[in-house]
Amino acid sequence: MKNSPSLKHLNLLKDARKQVIKLVADVNYTVFHLGDGKSAVMSYSLKNYQNYLNYPFVRVNKSCIVNLRFLENLCTENKRIQLKDGSVIQISRRRFDEVCRKISNI
């Protein structure tokens, strides 16, 4: 990352595999949705996190990265995934094959 991240930011990234359900883009910010229902806004773009976070995180569309550990259901007909928090996210057609490969590794 370009600038040195804050302590809050480092703690969130350290435990991301256990805590973070999904990351959602909001212009040039990223909203972290956590397992306890809270959310945190960070001042980096989603692309920075895509390069930083690896498996079980996968980018499913232009504006969302999900943690596959919180995956509830995959609908291949509609190309959507449902997470354990109840959210349903559309998978882009270009990323669908990659998402399916990573899901099969669970």
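User: In this predicted model, why is C64 called buried?

Analyst: The relative accessible area of C64 is 4%, and a residue counts as buried when that value is under 20%, so C64 belongs among the buried residues.

User: How do you know that C64 is in no disulfide?

Analyst: A disulfide is a covalent bond between the sulfur atoms of two cysteines. Here, two cysteine sulfur atoms must lie within 2.5 Å to be counted as such a pair, whereas the nearest cysteine sulfur to C64, that of C100, is 16 Å away. For C100, the nearest cysteine sulfur is that of C75, at 11 Å, and C100 is in no disulfide either. The structure as a whole holds zero disulfides.

User: What makes C100 partly exposed?

Analyst: The relative accessible area of C100 is 24%, and the class called partly exposed lies between the buried limit of 20% and the exposed limit of 50%, which means that C100 is placed in that class.

User: Why is strand β4 described as largely enclosed by the rest of the structure?

Analyst: Strand β4 covers residues 57-61, and five of its five residues are buried, so the strand is largely enclosed by the rest of the structure.

User: How do you know that β4 and β5 pair?

Analyst: Two strands are said to pair when at least two bridges are found between them, and β4 and strand β5, residues 64-67, have four bridges in the antiparallel sense.

User: Why is N67 called buried?

Analyst: N67, which has its place in strand β5, has a relative accessible area of 0%; the limit for a buried residue is under 20%, so N67 is buried. Not counting residues up to four places away in sequence, N67 touches A16, R17, V20, I21, P56 and F57.

User: What makes the approach of N67 to R17 a polar contact?

Analyst: A polar atom of the N67 side chain lies 3.0 Å from the backbone oxygen of R17, and the cut-off for such a pair is within 3.5 Å.

User: Why is D36 called exposed, while K79 is called partly exposed?

Analyst: D36 is found in the loop between β2 and β3, and its relative accessibility of 55% passes the limit of over 50%, so D36 counts as exposed. K79 is found in the loop between β6 and β7, and its value of 29% falls between the limits of 20% and 50%, so K79 is partly exposed.

User: What makes the phi of V27 worth a remark?

Analyst: Most residues other than glycine have a negative phi. Phi of V27 is near 55°, a positive value in a residue other than glycine, and V27 is found in the loop between β1 and β2.

Technical notes: Residues are numbered from 1 along each chain as its sequence is written. This is a predicted model: local features need pLDDT of at least 70, side-chain atom pairs count only at pLDDT 80 or more; totals for chains, interfaces and linings use all residues. Side-chain values use heavy atoms; hydrogens and water are left out. Helices (H or I, at least four residues) and strands (E, at least two) are DSSP runs, numbered from the N terminus. Buried means under 20% relative accessible area, exposed over 50%, partly exposed in between (1.4 Å probe, protein chains only). A polar contact is a pair of N or O atoms within 3.5 Å; within protein, one must be able to donate a hydrogen and the other to accept it, and residues adjacent in sequence count only if both atoms are side-chain atoms. Contact means heavy atoms within 4.5 Å.
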